[in-house]
Amino acid sequence: MNAAQPNAVVEALGVAVAAREPVLLWGAPGTGKTSAIRAMASAMDLPCETVIASIREPSDFAGLPVVTGSAVRFAPPLWATRLAEAGTGVLFLDELSTAPPAVQAALLRVVLERTVGDLTLPDDVAVVAAANPPEQAADGWDLSAPLANRLCHLTWETSPRGIADGLAGGWGAPPVPLLPAGWETGEQLNRSLVGAFLQVRPALAIAPPASPAEAGRGWPSPRTWEMAARLMTAAEAAKAGEQARSALVRGAIGDGAGVEFLAWLVDMDLPDPEEVLASPASFRLPERGDRAYAALAAVAAAVAARPTPERWTAGWQVLGGCAQAVPDVAATAARVLARCRPDGTPLPAEIKLFAPVLRDAGLL
Amino acid sequence: MTTELPGLAAARLWAAARFPYLASGIFGTQVTAVPGLGSVAIDERWQVYADPEVAGGWTAAELGSVLVHHVCHMLREHAQRAVAAAVTPADCPLWLRAADAEINDDLIPAGLELPGDPVLPRDFGALTGRLAEEYYALLTRAEPRTDARPGPGWQDCGGGADGQPRDFEVPGGLEPWLADLLQRQVAQEIIRHSTDIGTVPAGLLRWARQVLAPTVDWRRLLAAELRRAVADVAGAADYSYRRPSRRATAVSGVVLPALRRPVPELAVVCDTSGSMSDELLAMALAEVEGLLRALGLARQLRVLACDAAAGPAQRVSSARQVSLVGGGGTNMGAGIEAACSLRPRPAVTVVLTDGYTPWPAAAPKGMRVVAGLLGSGAPDAPGWARSVRVPGVPGPDERR
C-alpha cells in the first residue's frame with residue numbers, strides 16, 4: 001500500500017484538531033509526534049495540556065473520589081480545571097498504548113464526552129492522543145476496541161528524505177487549516193453519502209475487529225461513520241488535500257472499510273451506462289485515462305449483457321464520440337462491442353473511425 | 001491526458017488487448033513526450049516521460065510492452081520497496097535490474113515484446129519467480145561494482161522504479177490515495193480475469209491476492225493473543241479498592257485505589273510427537289519466549305514436552321535450554337492436564353502443536369489456552385482455545 005505522505009498526515013491532524021474530533025497518532029518513539037502536536041497547538045494559539053496516560057491512575061481521569069459529608073464528589077485534576085477555565089485548548093494524551101486497561105477504560109468518557117470526574121470540559125477543547133504500536137513498545141497493551149472506536153487513527157510516518165530535509169533546513173511550523181464559520185452545514189451531504197454507501201454495503205455498517213491484532217485500530221461502527229462524515233466535511237471546508245481527506249476517512253473507519261468507501265466515492269462520478277445508452281449525446285468523457293476506460297468499458301459491458309440492435313447502435317455512437325479524444329481507450333471498448341453484434345444489424349459508420357488505430361496496433 | 005507522443009494510442013491499444021487485466025493501469029498512466037530525454041521513464045505518480053525519438057524507433061507492440069513494464073513497476077511498488085531495502089543512489093542501477101527481472105520473468109512468457117535485450121533473472125544466474133529484493137542481494141554480492149552503469153536506451157526506468165527523483169519529473173500525476181485505489185482496482189480485475197475468462201501470469205495473480213487479502217504475520221497475531229491472555233489474567237496491573245493506596249495518607253478524605261499486579265504463571269506445552277517438524281517447533285518456541293521476555297515474564301515460564309503423555313515440567317530461562325523428548329502418539333489433553341496440576345498453577349498455557357491431536361471437550365477451569373497451530377495444513381483447535389496459525393517457512397513465491 002502507498003504510505004500516507006507525512007505532510008498529508010500533518011494536514012489531516014490539523015483538520016481533526018480544528019474540527020475538534022478526537023484523533024490518535026500512531027508512530028515509533030522519537031519521530032516527533034509530541035513536538036508536532038505542541039507546535040500545532042501554539043500555531044493555533046491554543047493552550048496545550050500534556051497528560052502522560054501511562055503514569056496516570058484511573059482516578060486522574062474519572063475524578064478523585066472525595067468524601068464530603070454524606071456524598072462523594074469526583075474531583076477533577078488541575079489540568080482539567082485549567083482547560084475548563086481557558087474555555088478552549090488541546091488536551092494531549094501521550095503514551096496512550098502503554099496505559100493499563102483500567103486507565104484506558106477511564107479515558108473513554110474523557111475522549112468522547114470530554115468529561116473528567118464531575119467536570120465537563122468545554123466543547124472547544126480538542127482531544128489529541130499519541131501512541132506507540134504495541135510491537136514497538138515492550139510494555140504496550142493493545143488499545144481496547146471501545147477506546148479505539150472513539151478515535152480517528154492516523155499513522156505517523158517519517159521518510160528518510162523528510163528527516164534529512166528537516167535536520168538541514170529546520171522542521172518548520174505545521175500548517176494550520178482554517179475552518180470557515182458554519183462549516184458544519186455541509187455535513188448533511190456527506191452523511192447522506194455515507195448512508196447511500198451503507199445501503200450498498202450493509203455489512204460495513206458495524207464490523208467489530210475479528211482478530212486481536214487489528215483490535216487497536218479504527219473499525220466501522222455508527223459512531224465512526226458519523227465521525228468520518230464530519231471529518232470529510234471539515235477537510236473539504238478547510239480545502240485540505242485529497243490525501244489528507246483519505247487519511248482521515250481511513251483513520252476513522254479503518255483501512256478495509258475506508259478503502260471501499262473511497263473507491264465507491266470515486267466510482268460514483270462515473271456515468272450510469274444505461275443512462276448513457278438511452279441518450280448517447282449526453283455522455284461526458286471523464287478526464288483521467290483510467291476513468292475514461294472504466295466508463296467506456298461499462299457501456300460496452302452493458303451492451304454485451306443485453307445486445308439489442310438499438311443498444312448496440314447507441315453503444316457505437318458513444319464510442320464514436322470519443323474516438324477523436326481517446327482513440328486507444330475507445331478502441332479497446334470497441335473490440336468488446338464488435339464481438340456482440342446482434343444478427344442482421346447493419347455495421348455502424350463509427351466502426352471506420354477505429355480502423356487506423358487498430359491497424360497501427362497490428363490488431364486488424 | 002497528453003497524446004503528443006506519436007504512436008502512443010496504437011501502443012496502448014496493443015497493450016490493453018494483450019494484457020486486458022492491466023487495462024485500467026495502462027490507461028491510468030499519463031504519458032508526456034520529453035524530447036531529448038533519451039529513455040522512457042516513469043515517476044512515482046504514474047506519469048510516463050517518453051523521448052519521441054527513442055519511442056519512435058519502436059513498433060506499437062514494443063512501446064506498449066514498455067508501458068506495461070512501467071505499470072508493473074507501479075503495481076509492485078518498486079519505488080517504496082527500494083527505500084525499504086535501503087538502496088543507495090550508487091546502487092540504483094543494480095536495483096533497477098533486479099526490479100526489471102522481477103517483472104520480466106513473468107510477463108515475457110505471457111507475451112511482452114520489449115525492445116532491445118530485456119533483463120531476465122538468468123542473465124545473472126538466478127532462478128525465476130523470485131522477488132526484486134532477492135535479485136538485488138544477489139547482484140550486490142556477485143557483480144563487480146564498476147559494471148554498475150545503467151544500460152543504454154530505455155533501461156533507466158525512472159524514479160517510479162527506484163524511488164530516486166529524476167530532475168525531469170514534473171509535479172502532478174496521481175495522488176497517492178488515488179494510486180492506491182487504482183492499484184486495488186487492477187488487482188480486482190486480475191482476480192476477475194483469472195476466474196472468469198482466462199489465464200494470468202502466476203506472479204501477477206499472487207500479487208493481486210496479496211493486495212486484496214494481505215496475510216497477517218503470525219508473529220503479530222501470537223503477540224496480540226499472548227498479551228491479551230496475560231493482560232486478562234494479570235488484571236493488567238490494575239487498580240483495586242480492596243487495599244488502601246499508599247498515597248492515601250497524603251490526602252485525607254480522598255479514597256484512593258492501590259495498584260495491584262499479580263504476576264501470572266505461564267506454561268508452554270510442546271507437541272513432540274513424530275509428526276512434528278522440529279524446525280517449526282523451535283521457531284515458535286523461540287517466538288513465545290521472546291514475547292514473554294518483552295512482557296517481563298520470561299522467568300515464570302515452564303515448558304512441558306508432550307506426546308501421548310506429558311513429560312516433567314522444565315523451568316527454563318531460554319528456549320535453547322529446552323530438551324524436547326518424545327515421539328509416538330499425540331494427546332494434547334494430557335499436556336493441558338499436566339499443566340493444570342503444576343503448582344503454582346499456570347494462568348496461561350500456550351500449546352504448540354501440529355493440530356493432529358485429541359483435545360479436551362471443555363476449557364480447563366481458570367486457565368487460558370492459546371493454541372499455536374504449526375504447519376499450513378493443521379486442523380482447527382477447539383473454540384475455547386484462542387488459536388494462531390503458524391504457517392511453514394514460506395517459499396520465495398509466497399513472500400512479497
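Q: What are the scores of the model as a whole, and what is the mean pLDDT of chain B?
A: The model has an ipTM of 0.76 and a pTM of 0.75. pLDDT is the predictor's confidence in each residue, from 0 to 100. For chain B its mean is 80, and 82% of the residues reach 70 or more.

Q: Which stretches of chain B have pLDDT under 50?
A: Residues 146–150 of chain B stay under 50, and the model gives them 4 contacts beyond four places in sequence; a contact means heavy atoms within 4.5 Å. Residues 394–400 of chain B are also below 50, with 13 contacts beyond near neighbours in sequence. Where pLDDT is low, the predicted coordinates should not be read in detail.

Q: Why is the pair of Phe197(A) and Trp225(A) called tilted?
A: Rings of Phe, Tyr and Trp (its six-membered ring) pair if their centres lie within 6.5 Å; planes under 30 degrees apart count as stacked, over 60 as edge-to-face and the rest as tilted. By this rule the count comes to 14 aromatic pairs over all chains. In the pair of Phe197(A) and Trp225(A), the centres are 5.7 Å apart and the planes stand at 50 degrees, and the pair is therefore tilted. Phe197(A) lies in helix H8 (residues 187–200) of chain A and Trp225(A) in helix H9 (residues 222–237) of chain A, 28 residues apart; helices (H or I, at least four residues) and strands (E, at least two) are DSSP runs, numbered from the N terminus. Ring pairs link Phe197(A), Trp225(A), Phe261(A) and Trp264(A) into a cluster.

Q: What makes Phe197(A) and Trp225(A) buried?
A: Buried means under 20% relative accessible area, exposed over 50%, partly exposed in between (1.4 Å probe, protein chains only). Phe197(A) has 1% and Trp225(A) has 3%, so both count as buried.

Q: Why is the pair of Tyr293(A) and Phe27(B) called tilted?
A: The ring centres of Tyr293(A) and Phe27(B) are 5.2 Å apart and their planes are at 40 degrees, so the pair is tilted. This pair crosses between chains, from helix H13 (residues 289–305) of chain A to helix H2 (residues 23–28) of chain B. Tyr293(A) is buried at 13% relative accessibility, and Phe27(B) is buried at 0%.

Q: How do you know that the span of helix H5 of chain A is close to the expected one?
A: The expected span of a helix is 1.5 Å times one less than its number of residues. Helix H5 (residues 101–113) of chain A has 13 residues and reaches 19 Å from its first C-alpha to its last, close to the expected 18 Å.

Q: Where does H5(A) bend?
A: H5(A) bends by about 35 degrees at Leu107(A), the bend being the angle between axes fitted to the seven residues ending there and the seven starting there. Leu107(A) is among the buried residues of H5(A), which include Ala102(A) and Val111(A).

Q: Is Ala86(B) buried or exposed?
A: Ala86(B) is exposed, with a relative accessible area of 56%. Its phi is near 55 degrees, a positive value in a residue other than glycine, and Ala86(B) lies in the loop between helix H5 (78–84) and helix H6 (92–107) of chain B.

Notes: Residues are numbered from 1 along each chain as its sequence is written. Chains are lettered from A and ligands numbered from 1 in the order in which they are written. This is a predicted model: local features need pLDDT of at least 70, side-chain atom pairs count only at pLDDT 80 or more; totals for chains, interfaces and linings use all residues. Side-chain values use heavy atoms; hydrogens and water are left out.
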